[in-house]
Amino acid sequence: MAKRTMTKKKVVKKNIARGIVYISATFNNTNITVTDEVGNVICWATAGGLGFKGSKKSTPYAAQQAVESAMAKAKEHGIKEVGIKVQGPGSGRETAVKSVGAIEGIKVLWFKDITPLPHNGCRPPKRRRV
């Protein structure tokens, strides 16, 4: 059998000055995605991906660590100015937003809540016949 040699794929450093930080805070986890202005993903991080397990994933501290991890990766690609889009009802939501603004070298330009809200809700179930 021939032995395969593994070649590492070179990480291409992009030079992107502005981006958008998507914070998805659910009851179980917090996802942070950094994209350019068009929407192409630059980097991402999750509380679960950093080693938090179980109920610790949904804590504000785990969300803060996820933001710091994602923004460190984003700064390598040249991100300096960001907009923030927050989605979901999770407990790490406020902390994640604050920690994006607290990172040195990153300026927050705008902030938007994109949590989906039902206009008239779902269709109710059929009346019960007994």
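**Reading contacts, helices, core and salt bridges**

Reply: Serine 99 touches Gln64 and Val67, leaving aside residues up to four places away in sequence; contact here means heavy atoms within 4.5 Å. This is a predicted model, in which local features need pLDDT of at least 70 and side-chain atom pairs count only at pLDDT 80 or more, while totals for chains, interfaces and linings use all residues. Residues are numbered from 1 along each chain as its sequence is written, and side-chain values use heavy atoms, with hydrogens and water left out.

Me: In which element does serine 99 lie, and does serine 99 count as buried or exposed?

Reply: Helices (H or I, at least four residues) and strands (E, at least two) are DSSP runs, numbered from the N terminus. Serine 99 lies in helix H2. For accessibility, buried means under 20% relative accessible area, exposed over 50%, and partly exposed in between (1.4 Å probe, protein chains only). Serine 99 has 9% relative accessibility and therefore counts as buried.

Me: How is the packing of H1 and H2 described, and at what angle do they pack?

Reply: Axes are lines fitted to C-alpha atoms, for helices over the stretch in contact, and angles run from 0 to 180 degrees between N-to-C directions. Helix H1 (residues 60–76) packs against helix H2 (residues 93–102) at an angle of about 35°, and their axes are 8 Å apart. A crossing is left-handed if the near helix is turned anticlockwise from the far one by less than a right angle, and right-handed if clockwise. The crossing of H1 and H2 is right-handed.

Me: Which residues of H1 and H2 meet?

Reply: From H1 come Pro60, Ala63, Gln64 and Val67, which meet Thr95, Ala96, Ser99 and Val100 of H2. The residues of this contact of H1 with H2 divide into five nonpolar, three polar and no charged. In this scheme Ala, Val, Leu, Ile, Met, Phe, Trp, Tyr, Cys and Pro count as nonpolar, Asp, Glu, Lys and Arg as charged, and the others, Gly among them, as polar.

Me: Which residues touch the most other members of the largest nonpolar core?

Reply: In soluble globular proteins, nonpolar side chains tend to be buried together. A nonpolar core is a set of buried Ala, Val, Leu, Ile, Met, Phe, Trp, Tyr and Cys residues joined through side-chain atoms within 4.5 Å. The largest one here has 23 residues, of which Val21, Ile23, Val34 and Met71 touch the most other members. At least two residues of this core come from each of strand E1 (18–25), strand E2 (30–35), strand E3 (41–46), H1, strand E4 (81–87) and H2. H1 gives the most, with six residues. Methionine 71 touches Val21, Val34, Val82, Ile103 and Ile106, residues up to four places away in sequence not being counted.

Me: What do alanine 66 and alanine 72 show about positions in helix H1?

Reply: Alanine 66 is placed in helix H1 and is buried, with a relative accessible area of 0%. Beyond residues up to four places away in sequence, alanine 66 touches Ile32, Ala45, Thr46, Ala47 and Leu50. Alanine 72 also has its place in helix H1, but is partly exposed, with a relative accessible area of 42%.

Me: How many salt bridges does the structure hold?

Reply: A salt bridge is a side-chain nitrogen of Lys or Arg within 4 Å of a carboxyl oxygen of Asp or Glu. The structure holds five. In one of them, the side chains of arginine 18 and glutamate 81 meet at 2.8 Å, N to O. Arginine 18 lies in strand E1 and glutamate 81 in strand E4, so this pair ties together parts that are 63 residues apart in sequence.

Me: Which partners does arginine 93 have in salt bridges?

Reply: The side chain of arginine 93 meets that of glutamate 94 in a salt bridge (3.7 Å, N to O). Arginine 93 also forms a salt bridge with aspartate 113, the closest N and O atoms being 2.8 Å apart. Aspartate 113 lies in strand E5 (residues 107–113) and arginine 93 in helix H2, so the pair ties together parts that are 20 residues apart in sequence. Arginine 93 is buried, at a relative accessible area of 17%, whereas aspartate 113 is partly exposed, at 40%.
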